[in-house]
Amino acid sequence: MHRSSMATDSALSLIDLSALPRAGIKGKDLSPWIDAKGYEIGITANRAYPQHDGVLVARLSPAELMLFSNPLDPAPGAITNSFAQTYKCYAVRRQDSHYWFALTGACSPAMFAKLCGVDLSPDNFTDHAVAQTSVARASAVIVRHDLNGTLCYYLLGDSSTIRYMWTCLIDAMNEFDGQVVAF
Amino acid sequence: MKIIDCPLNGPRNAQEFVCGGEVRQEPSQDAAIDKWADFVFLENNLQGVVHEWWCHVPTSYWFIVTRNTATEEIIATRRPDEFFAGLKQTDGAGSE
Amino acid sequence: MNKRASNRLPEPWGSVIDRDHTISFQFEGKDYRGYAGDTLASALAASGQWLLSRSFKYHRPRAALTFAGLEANSYVQVGDRPNVLADLLPIADGLSAVGQNYLGSLNRDYAIHAGRLARFLPVGFYYRAFFRPQGIWPLWERFFRRAAGLGKINPNADPGYFDKQYLFADVAVIGGGPAGLSAALSAAGAGAGVVLIEEAAMLGGALNYARFQRERSEIQSLRDDLVARVQANDNIRILAGATCTGWFTDNWLAIGRSNRLYKLRAKYVIACTGSVEQTMVFRNNDLPGVLPASGVQRLLRLYAVRPGKQAVVATANAEGYDAALDLLAAGVSVQAVIDINRSVANPQLAERLSAMGVAVHHSCTVSEAIPGAGLRSITGVVVNQLTESGEVTGDGRKIDCDLLVTSVGYAPLGQLVCHCGGEFIYDDDVNSFSVRNCPPDSTLAGSVNHRYALEAVLADGRSAGLDAARALGLDPAAAADAGPDPGAAGINHPYPIFPHRKGKDFVDFDEDQTVADLQNAVADGFAHAELAKRYSTVGMGPSQGRLSSLNALRIVQRYNGGILAGASVTTQRPPFKPVSFGVLAGRSFEPERLTPMHEWHADHGAVFMPAGMWQRAAHYAGAKDQAAAVAEKIAEEVATIRGNVGVIDVSPLGGIEIRGPDAAEFLNRMYTFAYQKQPVARCRYLLMTDDAGGIIDDGVACRLGDEHFYVTTTTTGSDAVFRNMLRRNAEWGLEIDVLNVSSTYAGMNIAGPNSRQLMEQMESDIDFSKDAFPYLAALQGMVNGIPVIAMRVGFVGELGYELHVPWSNALTLWEQLFAAGAGFDIRPVGVEAQRILRLEKGHIIIGQDTDELTMPRDAALDWAVATAKPYFVGKPAIGFSRTRRQSRQLVGFRLLNSNGPLPEESHLVIHDDAIVGRVTSVARSAELGQVIGLAYVAPEQARPGTIFRIKVDKGLEVAAQTVQTPFYDPENLRQAL
């Protein structure tokens, strides 16, 4: 892992974060696992909760969480779900099943509006909001997680559609002079 | 395009969902053939208030929609456990 | 009027044209010039070219009427684009346009002689002409194919780039005229986020050209002030040059703007769409030179074009008087104002005009326009007295003129509201349609709501904006205060229709229907307005009845003795205006799923085929055109598996993980077989049926632990199976977790007699020997440091190992397998070869060898049905079917003659001259040296050895023989090595 600055001045940037650690956990009662990690996670679904160790935990439903390492400081080992069985939960291999992109910049909501029917404008879709919806007709998870004051949206979808989604994003970004930024 | 208020995800365009048909109680395993044939091949096709299974495709989340097929009004959307608990309470709502 | 004189007026006329910027263009092969800001129609009018098109049936000359794109008179062809509205198309350098729908030229269209045949083309022509004599249709067809349609399409035209975008707003205001501007300001003032949609490039609507019975300067100032305030307001987003073409459930609006389709979701919609001026019906009312007042005012104010030199104004309301004042200001001599009411509509304006020397008459009407050469203009009008009951009487007197301006009222442009439940109902109070049943969270404002006086319009818009704010909870105390316009009753004349005994009194200018046509429709029995429309086709042309439906309804009700008040017309449907296919079609999204090895396949000569959303390698012959070369490559791939070792990428197979105390019970209920006693580290066949007992899926269940199953499904069914599992468990409430892992694990099937040797080359903690890893075992371990689930299943009928590998590691392992296998001459194998290999083992493909009615018994899968279980989906149906006679059986077959014609899937099986079944799979097997397949046959043909007939192409029949499956290695020894 290496540090990098993800805050660019560009009005719209696309970054592939798929190499960074992420994981999922499911279970009817996740509180033992949450307590063991020392996390504080609200009960509202479709919201993300930043944690003390830099991990962002998105609650997808009452019985499912998704964990993201911090792109600005991805500490190895913070994200692991091999513990799950201890707490009668189930591990979800998000590292394999989903790609992870980030879209940053003031034009990102307008670009998303060419692909997605959910209102992602900053006034409506506040920081740490989560939307599980369809983007370019493929199922996707969107998490808003502003980084260093820059508007930023995480976009995750099925790994088998990574090339398809990348092509759709490049095409939609064209109008806004969007840039691909290497991570 | 109709908006459906998903119990998990909130109001969304109807295009994000698929309908799974009416909520129905299946006959018991040893019921007679005419009961099973009715259940499998016939639909009530009611004009009025119906309860239907709907699935939010991006999350594969199933829930129950109560709507009026004549006016297209959606009366309620409920989690399955909520809906079936509500049925038990009204007790004797019948299998129609 | 056809001289190439200039009809251009000097400044300050012409608010949209830029006289510093001249543009050259062509129309019908002739050169013209205009100004930036001109439309094609206005620039041509300025040069005296009024004729733009020919009517559909009689090919009568047509000129623009509204100059606002509301009628089809102005359709022209521009390059590859047919049916472009000339009165909306801005001119640009290099523009070249031609007319449509003529024989010869636009100016001299030979097809006009069809007019002479009018007597023989009565209403209902289309219904009656083709029946007799028998066989006449092909002759008619040839004629109609040439005459039919409007415009020409170029099938080789380059598709453009089209795009879509979603928009979100608190309030959508449709229409940027006085009502829309007021509504937007009052809603935004209350804190709503407003999107204002205006079709023209410029905001203002009627404020840009009308007088509202005041001075133009006053109206212009008001317009400038409102527009400036809207543009300065941060809460208002303006979409100009954008047409709202459809209004759907829950305030979902379709808006077309250039190459983009916007889909706008608004919490509240205010329709300020205005109204369209209606035509007056009299003899020759369709000729160029007859214009509605609003069209004249747009020509004058926006484009500085003088519409004629000598005018007569026929009016029923104050707007006609306003138009007369405008004409005088432009230097047009107004010969008379003919007010068709019993007394003048506006006494002050009448007096003012009289004082300026204009004769003002009332209780009379124009009964006829006198055509000029070629019907391309008028030279005068005939004016008659009207009786008390509004009928033409007496001898007419002629007034010379080259322009007749009419102003008899409006119909609301409420079509959008009717898209989602609104209705046009004839309203006696206003002598026009009113829109009833606005959908929830919406309202109308302005002339669409029969407000015409300026203050009434502005107040109506303001009120609507406050209604919206209140409905959205932004300003709960907002009081909407506007009432109806008391003057509205005097705007629309109830019957501006004056039939002439010599006809040519047109009701619809697209389809050339006259008053007599509608009278005859009623007489023919099609008396109801909806029937009369369909029979006469009035309103069915490209103008969609905007200028004709109102008069048509009045006429039909008068002749059928029906009541006008409360009568309705046919439902309005989207799109409101024509939308190009490009805008509707593209930017279409079709997700594509690729395996981790996709690039590797492509680099190794793979040709791909779709399997659901996936792309799978069909074979590795590269892009070879000859079928024989491809077939040879596929045969090589088959031989590799049978004799050596090959690898098939099976990643698209669905994968589902079931974990939890009730995992085995769940499988027991979802599938027909039994799983409670399935040992850990073993595979078992899965067969799924629905409530009707029909087979819907199959796969393999690997038991990885007491409470842990890894289940595979068919590729195309996996999403539906996964959803179905969740739905069932929502009802059963078993303690399980169901996870879709189709893209978590990639699958590779390594098969062939050398596969064990290959796996032993890899670094692994798994013992691949026969004793440690027997057939049907499922083991977990590491291969080259990568975690795998490894299983031995039947699949292609050879010794083999199917590895399920985490997606991120799959390509690495695949490459390492090929590196290790280099010494074996390992090959990749595609789907085509896979099909043949599996067919040789008699394995069925769900959905190809089964259909919705196939029960396990029909496919010889009864062995996989555990009837002792208390419950599984399909159990009762399967039980019932056992008491009934089987109607068909899926069997293996071979062709008696491998060199004859080949059957294909779905070719029929014949028995005693009846159809008893069909072929479901067929292939040439090199291994067996014959053509084999699977087919449904009658139960009595199912015994091995039976000969049966298959009907193939060209009516031929071939002979086949029922064969016990598997065809290859019937003892199943090789897969269990």
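This is a predicted model: local features need pLDDT of at least 70, side-chain atom pairs count only at pLDDT 80 or more; totals for chains, interfaces and linings use all residues.
Take C:Val171 as a way in. Setting aside neighbours within four places in sequence, C:Val171 is in contact with C:Ala187, C:Ala192, C:Val194, C:Ala266, C:Lys267, C:Tyr268, C:Ile270 and C:Ala468.

## A sheet in chain A

Over in chain A, five strands make an open, antiparallel sheet, ordered S3-S4-S5-S2-S6. The edges belong to S3 (47–50) and S6 (90–92); each has a single partner strand, so one side of each has no neighbour in the sheet. From one strand to the next, the twist averages 25°.

Now for the S6 end of that sheet. Strand S2 (residues 22–26) of chain A runs antiparallel to S6(A), and three bridges join the two. A:Gly24 sits opposite A:Val92 of S6(A).

## Where chain C meets chain B

This contact draws 17 residues from chain C and 13 residues from chain B. On the chain C side, helix H18 (718–732) and helix H22 (875–882) each supply at least two residues, with the largest share, five residues, coming from H18(C).

What kinds of residues make up the side of chain C that touches chain B? They split into 11 nonpolar, one polar and five charged.

Conventions:
Residues are numbered from 1 along each chain as its sequence is written. Chains are lettered from A and ligands numbered from 1 in the order in which they are written. Two strands pair if DSSP finds at least two bridges between them. Helices (H or I, at least four residues) and strands (E, at least two) are DSSP runs, numbered from the N terminus. Axes are lines fitted to C-alpha atoms, for helices over the stretch in contact, and angles run from 0 to 180 degrees between N-to-C directions. Two residues are in contact if their C-beta atoms, placed from the backbone, lie within 7 Å. Ala, Val, Leu, Ile, Met, Phe, Trp, Tyr, Cys and Pro count as nonpolar, Asp, Glu, Lys and Arg as charged, and the others, Gly among them, as polar.
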